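Here are my notes on this one, written for someone opening it for the first time. Have a look at the structure, then walk through the points below.

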Amino acid sequence: MLKTIIVDDEKHGSDRLLNLISNYENTFDVIATCQSVEEALIATKSLQPELIFLDIKIQDKTGFDFLKQIETINFEVIFTTAFESYAIKAFKYSAFDYLLKPIDTEDFNKTVRRLEERLLQINLSEKMKILF
């Protein structure tokens, strides 16, 4: 299971993600929900997530402000936003995906399938390293 943090300053945004995630109880372990960049920084440093669902606009800051303050980004990032205009910038930060709000169930499911495939490849690669 992926240790997951949700960063969204709007409760309905977090609630929507939690609802979608609930269909994948063997994939995600939501260890925190944060409503500010400051909360997200504290949670990230202390909880060491493997995945962050990150809103672009968080109060008076952005998800990019959050990422700039992380020394080593050793987790996957899936941006969640109502703004298409940030997509290119998001992928410059090596975003795994970019989901537009309101998040469509089918789009979310496609992202999860891709994420699960990637994790399988990583696990297989690690097992091969150990084997050799």
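1. Let's start with charge pairs. Searching the whole structure turns up seven salt bridges, each being a Lys or Arg side-chain nitrogen within 4 Å of a carboxyl oxygen of Asp or Glu. Keep in mind that this is a predicted model, where local features need pLDDT of at least 70, side-chain atom pairs count only at pLDDT 80 or more, and totals for chains, interfaces and linings use all residues. Residues are numbered from 1 along each chain as its sequence is written, and side-chain values use heavy atoms, with hydrogens and water left out.

2. One of the salt bridges sits inside a helix. D15 and K11 pair through their side chains at 3.1 Å, N to O. Why are they about one helical turn apart? Because they are four residues apart in helix α1 (helices are DSSP runs of H or I with at least four residues, strands are runs of E with at least two, and both are numbered from the N terminus). D15 is partly exposed at 34% relative accessibility, while K11 is exposed at 55%. For these words, buried means under 20% relative accessible area, exposed means over 50%, and partly exposed is in between, using a 1.4 Å probe and protein chains only.

3. Another pair reaches further along the chain. K61 and E38 form a salt bridge, with their closest N and O atoms 2.3 Å apart. K61 is in strand β5 (residues 61-62) and E38 in helix α2 (residues 37-47), so this pair ties together parts that are 23 residues apart in sequence. Both ends are partly exposed: K61 has a relative accessible area of 27%, and E38 is at 38%.

4. Next, R118 and E76. Their salt bridge has its closest N and O atoms 3.3 Å apart. It links distant parts of the chain, since R118 is in helix α5 (residues 105-131) and E76 in strand β6, 42 residues apart. R118 is partly exposed at 36%, whereas E76 counts as buried at 15%. There is also a network: D8, D55 and K101 are joined by salt bridges that share partners.

5. Is strand β3 (residues 51-55) enclosed or open? Five of its five residues are buried, so β3 is largely enclosed by the rest of the structure. L51, F53 and D55 cover one side, I52 and L54 the other, and all of them are buried.

6. What does β3 pair with? Strand β1 (residues 2-7) runs parallel to β3 and is joined to it by four bridges; strands count as paired if DSSP finds at least two bridges between them. T4 stands opposite L51 of β3. β3 also pairs with β6 (residues 76-81), again in the parallel sense, over five bridges. Here L51 stands opposite E76, the residue that forms a salt bridge with R118.

7. E50 is partly exposed, with a relative accessible area of 35%. E50 and V77 are 27 residues apart in sequence, yet 8.7 Å apart in space, C-alpha to C-alpha.

8. Now the inside. The largest nonpolar core has 22 residues, and V7, L54, F66 and F79 have the most contacts within it. Such a core is a set of buried Ala, Val, Leu, Ile, Met, Phe, Trp, Tyr and Cys residues joined through side-chain atoms within 4.5 Å. At least two residues of this core come from each of β1, β2 (28-34), α2, β3, α3 (63-68) and β6. α2 gives the largest share, four residues.

9. Last, the largest pocket. It holds about 180 Å³ of space and is lined by 14 residues, with E10, H12, D55, A82 and K101 nearest its centre.

Note on methods
On a 1 Å grid over the protein atoms alone, a cavity is a set of points where a 1.4 Å probe fits but cannot get out, and a pocket is an open set with protein on both sides within 12 Å along at least five of seven lines; lining residues have an atom within 4 Å of a point. Grid points are joined across faces, edges and corners, and a volume is the space filled by probe spheres set on the points.
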